[in-house]
Each structure stands twice: as C-alpha cells, then as structure tokens.
Amino acid sequence: MTVPFLNLRAAHDPLKGEIMAAIQQVIETSAFAGGSFVAKFDEEFAAYCHTKYSIGLGHGTEALWLPLLALGVGPGDEVITVPGTFMATAEAITYCGAKPVFIDIDESTYTMNPALLERAITPKTKAIIPVHLFGQVADMDPILEIANRHGIPIVEDACQAHGAEYKGRRAGSIGAAGAFSFYPGKNLGAMGEAGATTTNDAELKAKIETLRDHGQRKKYHHSMIGWNARMDGMQGAILSIKLKHLERGNECRRTNAALYQKLLAGEKNIIVPQEAPGRKHVYHLFAIRTPKRDAVIDALAKLSIHCGIHYPIPVHLEEAYQGLGLGRGSFPVAERCADEFISLPMFPELTADQIETVVRELKIAVRSING
Ligand SMILES: *Cc1c(COP(=O)(O)O)cnc(C)c1O
C-alpha cells in the first residue's frame, strides 16, 4: 500500500467547483493584488483566530518580518527564538538587521524552553519569537510572564499552528502579533503563496498595513520605506473557502494522531509526540523520534511509505548562520531531535488503514535496524 506524506488533491477535489467559481469572481472584478477578497479573508481569519485584526500578506516569512519591523526591531537589536524551527523564523530577524539569539527547546514539546529565556535577555533584546512547532503552542504563560516583566513584545510563529490552542486561547492571539503561513501544505493552505499577521493592536495593524504597501497610506504618498507584501487576490478568495473546512481538517488530524499514539504506545526506540496539558495540538506534522532515523526512512520509502524530516539541521548549524559562531553542542536538545525526527504521513484524509500500515512497517523497520 502506497502512503503519501501529504495529499493535497484529496483536500481540493471536493472543493473544485466552489474554488473555480471564486476564481472566476476574482477575474470578473479584477481584484488581483490585495483588494476586496483579501479584505474579506482578513476579517474571517481574524474572527477564527479570536483577534481583532488579520493582515493578509505574501507569505509566512513576511508575516514574521513585518510585525518585527513594525515593533521597531532594527540593526544592533537582538531577537530571541529557538534553533528548532524552519529557517524563515531566523531569516525574518536577520532581514530586520537584528541578530537571532537562540535558546534550546523543551524535550517533550519541541517548543521554546521557558526556563532558558530570562538569562538570554539583554538590553538589546527587542522581541521574542516562540515557535508553535508541529502545531502545538509553546508554553506561553511563563514566556509571557518573563516578557511582560522586561517589557519585550512577543511575536508568535504560528505558521504551523492554525487553530491550535493554549488554555483556551488561540495561536496568534496570545502575543503582540501572530505570524501565519498559508503555504499549500500547511493546515490552512493557499493554492500558491500567502501569509497573514494577526494582532489586537490597532497601531501595529496600521503599521503593518502601511509596510505591506510600500509605506503608503494614500496612493503615492510614502510615509515610510515599506515593501510589496500584499496578498494575491486569488489566494484571498481561495482561502475564504478553505477556512470553512479548517476546523474539520484539524479534527481529522487529531483523530489520526490519536490512532498513531495508540498503536505506537510503549514501542521501544520510538518516542511519540504528546499533547501537553491545557493545549490543543493541531498536528500539522506528526514527528516521532527514533535512533538511526535515516535507515528507517529508507526502509519505509522502499515500501512506498513516504516520510519527511522537519528539520534535519537546527538553524544555528545551517551553513548560512555559521557567522554566529554557534557550533555543535550549543543547543543539545534541538540537535538531538534534529538527528532523530521522522515526520510520519499526516493529513486530514489519511485513512485508518494507511495509519495501520505505516505503524506496522515502522515497527518492523525500527526493530530490525536496532537489532
Ligand atoms: C512555513 C513556515 C514559515 C514560513 O512560511 P512561508 O509561507 O513558507 O514563508 C515560517 N515558520 C515556520 C515555523 C514555518 O513552518
């Protein structure tokens, strides 16, 4: 049985008629760059995230970068984040001219370890970016307590956590701003590139809106240096349709995760992801940990079971960041996890049969490879 890592066609086929009609509407109104469909989606997505505002942007990387700029992060500043994330989190900091300062992750949730936060704060710290990795919100209460005491704003990297919750609060509504990606494979995916920043702060919202449109509030009157970070109109229209199915998709992911957890419980040499107390995990990815990971992935690939690695190299060890001078051993938990992670197939339409096949073959591979 072939098990794909991801199957976007299965999600899109039932929506094709509705999506084609929406694209036609965009063509008829010519609202291609920003415009009415993006404005409508902004309102709907803000409501979904329980925030006052959502600002539609070109992609998740801009959704991280623009709020940092709007918060005044610039050259000479430091922004604290984790090395266990996608490169974009650190790139957004670097593109402000600031320096990413990493702290290690927690070994059970794979998100920022709050116990390491306070000692990383310096007079140069201008923001903190916890990453809600794999679809689970970081431990925000202690992070907020420390950040508030030092007067440092938080930008949540919620690019993998659409609809995830922490003590009843939605991802993206907890810090000063939240960054979302609608890259096609995310829990809420566009049919192209798109992203959004959420916030409850009217001033921050106005600044980000100005930044995304070349720093102009009025056409050709540029009050600041901005960028072109507008969301594509077609993506706005498509996202409005796909948003209606996000909750159902997240519930299917949670059901799939529960089956994986049940079938893998107690298995030697496999660490299964868990939902921490008070949190609602939306399982963008289902990353297990196992020794000799590469051999296990190869064995499964031979059986047409396709897995991923998120991410094989922690950001501080990426070639691009060698200038920071952070070698192996700097963040042992993130490094160990990067060596052991395997992302198993995970998407809403995954069937129980497929999950049972993955687990059966995974157990055989792990047992034989580890003797
Ligand atoms: C996807 C992702 C991003 C970047 O989003 P893009 O839309 O691809 O620019 C940033 N951070 C994390 C954690 C992501 O998963």
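Biologist: Among contacts in the chain between residues at least 6 apart in sequence, what share joins residues at least 24 apart?

Modeller: In this predicted model, that share is 70%. A contact here means heavy atoms within 4.5 Å.

Biologist: How much of the chain is buried?

Modeller: Buried residues make up 55% of the 371.

Biologist: Let's pick one residue, then. Why is H316 called buried?

Modeller: The cut-off for buried is under 20% relative accessible area. H316 has 0%, so it is buried. You will find H316 in the loop between α10 (293-302) and α11 (332-340).

Biologist: Which residues does H316 touch, not counting those up to four places away in sequence?

Modeller: Among them are P83, F102, Y321, L326, F331 and E335. As for V101, it lies 215 residues from H316 along the chain, yet their C-alpha atoms are separated by 9.4 Å.

Biologist: How do you know that the side chains of H316 and E335 are joined by a polar contact?

Modeller: A polar contact needs a pair of N or O atoms within 3.5 Å, one able to donate a hydrogen and the other to accept it. The contact between these two side chains is 2.8 Å, so it falls within that 3.5 Å limit.

Notes:
Residues are numbered from 1 along each chain as its sequence is written. This is a predicted model: local features need pLDDT of at least 70, side-chain atom pairs count only at pLDDT 80 or more; totals for chains, interfaces and linings use all residues. Side-chain values use heavy atoms; hydrogens and water are left out. Buried means under 20% relative accessible area, exposed over 50%, partly exposed in between (1.4 Å probe, protein chains only). Helices (H or I, at least four residues) and strands (E, at least two) are DSSP runs, numbered from the N terminus.
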